[in-house]
Amino acid sequence: MTSASAPRFLVAATSSGSGKTTIACGLMRALSRRGMAVQACKCGPDYIDPMFHRRVLGTPSRNLDLFFADENTVCELVAEGSRNANITVIEGVMGYYDGIASGSDASSYALAHATNTPAILVVEAHGRALSVAAEVAGFAGFRQPSHVAGVIVNRCTKGYYPRLKSMIETETSIPVLGYVPALDDAHLESRHLGLVTADEVADLQARIDRVASTLEETVDLDALIALAQAAPNLSYEPRTLPQTLENPVRIAIARDESFSFYYDDTLRMMQQLGAELVDFSPLHDAVLPENIGGLYLGGGYPELHAAALSANTSMRENIRSAIAQGLPTIAECGGFMYLHESMEDANGTPWPMVGAIKSRSYKLGKLERFGYIRITAREDNLLCSAGENLPAHEFHYWDSENPGSCFHAQKPQSSRNWNCAFATPTLYAGYPHLYLYACPTAIKRFLDTCARYKDASR
């Protein structure tokens, strides 16, 4: 068992839409301005918030998800990230206790409990008085230990804050560490299930700087740092990883305005096991990178760029030909849609796509098959053997006339299930997003196939 010091705190809230991302990013920037090395983490399966974290800090953020990974793996992730950091800021998800189905599994609270991390509860002040104290008392007393160690009051005026702070602390004995006034000029727009991506916010750095400057005046950063430093050491058993490839193999990663949803920890493990990752753009490049042994088409918003993707005929034909010739390929959600014969754009207009999947992707106008799932292979394939399962997550407003049937998907704590994804010895393509960091053997299986493909093509 390994024990590691990891000063840390979790930014939680009473509900979604409470400003967690804005406040977490502002705190990250404010702490880094003090010369601290900050590690960012995100509770849950989200891709977009970690993109904001990366833009704020210039370093990757880590997803901490207790459906995808066990407690030991999550603790190891936090400890690893803390090795080169003075403090770790974890952004929560939804309301503090909101987890799978009607329970708290995989919630912000479950993460705080598994990692013994102090939670800072963001509460709404606008239009309320003593009820704020009642809400804090309810959250702090709902589970024991609740790990709620401090409060930040959102949308609160400077004049009202001292009185509200006194009320909360008197009624709950939980320290109030500061407040955030209304920051309309720092508002981040939403799309589908989350924010627009960080690269789409032209003045993002200026917005985060404004938030950070405000928090430097309104939040007791010294108290926050002291609380993080008092967090107990993390204990975990280091995982044993598969053997690294003898010779590195190049994997092409689609990364541009259309494709940007990747778990950094998955990519990092690919590199640990022998992958050389090379980015390319299905939008702007003419063909795939040279000398590759594999292809990874992640999720994103290809539907917003359908016309431009379709117009890049040389790339579409190159990818179709490469997959037909056995190039090992992972394609998730948006990447899966791109592989179809056609894909509708946001207006419902169909556009020709790669054509590796003989079907059409079309706009539904509503969320389809949303949430955590476990997918079980019905036959041996690129990532696993028949009967093995992988943790995954679906969220999409588009669907396919043929979403595949090589895996069986089962929602946790539910009877709902369905078939999904295409899978062969050289292909995984489907709507489910995979968290492969929790499945090192699947990554190794993929890379071994890539290495064999590259050797055979020499």
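The model is predicted, and local features were taken only at pLDDT of at least 70 and side-chain atom pairs only at pLDDT 80 or more, whereas totals for chains, interfaces and linings use all residues. Residues are numbered from 1 along each chain as its sequence is written, and side-chain values use heavy atoms, with hydrogens and water left out. The average pLDDT (the predictor's confidence in each residue, from 0 to 100) is 94 for the protein, and 96% of the residues score at least 70.

The largest nonpolar core comprises 159 residues. Such a core is a set of buried Ala, Val, Leu, Ile, Met, Phe, Trp, Tyr and Cys residues joined through side-chain atoms within 4.5 Å; buried denotes under 20% relative accessible area, exposed over 50%, and partly exposed the range in between (1.4 Å probe, protein chains only). Phe9, Leu27, Tyr96, Val153, Ile319, Ile375 and Phe407 have the most contacts inside this core. Helix α1 (residues 20-33) gives the most to the core, with seven residues. Helices (H or I, at least four residues) and strands (E, at least two) are DSSP runs, numbered from the N terminus. Leaving aside residues up to four places away in sequence, Leu27 touches Phe9, Val11, Ile152, Leu215, Val219, Leu221 and Leu224.

Helix α1 packs against helix α7 (residues 204-218) at an angle of about 75°, and the two axes are 8 Å apart. Axes are lines fitted to C-alpha atoms, for helices over the stretch in contact, and angles run from 0 to 180 degrees between N-to-C directions. The arrangement of α1 relative to α7 is therefore roughly perpendicular, a class that covers 65 to 115 degrees, with angles under 35 counted as roughly parallel, over 145 as roughly antiparallel and the rest as oblique. On the α1 side the contact is made by Thr22, Ile23, Cys25, Gly26, Leu27, Arg29, Ala30 and Arg33, and on the α7 side by Gln205, Ile208, Asp209, Val211, Ala212, Ser213, Leu215 and Glu216.

Helix α2 (residues 48-57) has eight of its ten residues buried and is therefore largely enclosed by the rest of the structure. The buried positions are Ile48, Asp49, Pro50, Met51, Phe52, His53, Val56 and Leu57. Gly58 follows α2 and has a positive phi, near 80°.

Positive phi values also occur in residues other than glycine, including Asn116, near 50°, and Gln413, near 55°. Asn116 is placed in the loop between α4 (108-115) and β6 (119-124) and is partly exposed, with a relative accessible area of 37%. Gln413 is placed in the loop between β22 (407-410) and β23 (417-420) and counts as exposed at 54% relative accessibility. A cis peptide bond joins Gln144 to Pro145, with omega near -5°; Pro145 lies in the loop between α5 (130-142) and β7 (148-154).

Ala110, in helix α4, is buried, with a relative accessible area of 16%. Ala110 touches Leu66 and Ser104, not counting residues up to four places away in sequence. The C-alpha atoms of Ala110 and Tyr97 are 7.6 Å apart in space, and the two residues are 13 residues apart in sequence.

Note on methods: Contact = heavy atoms within 4.5 Å.
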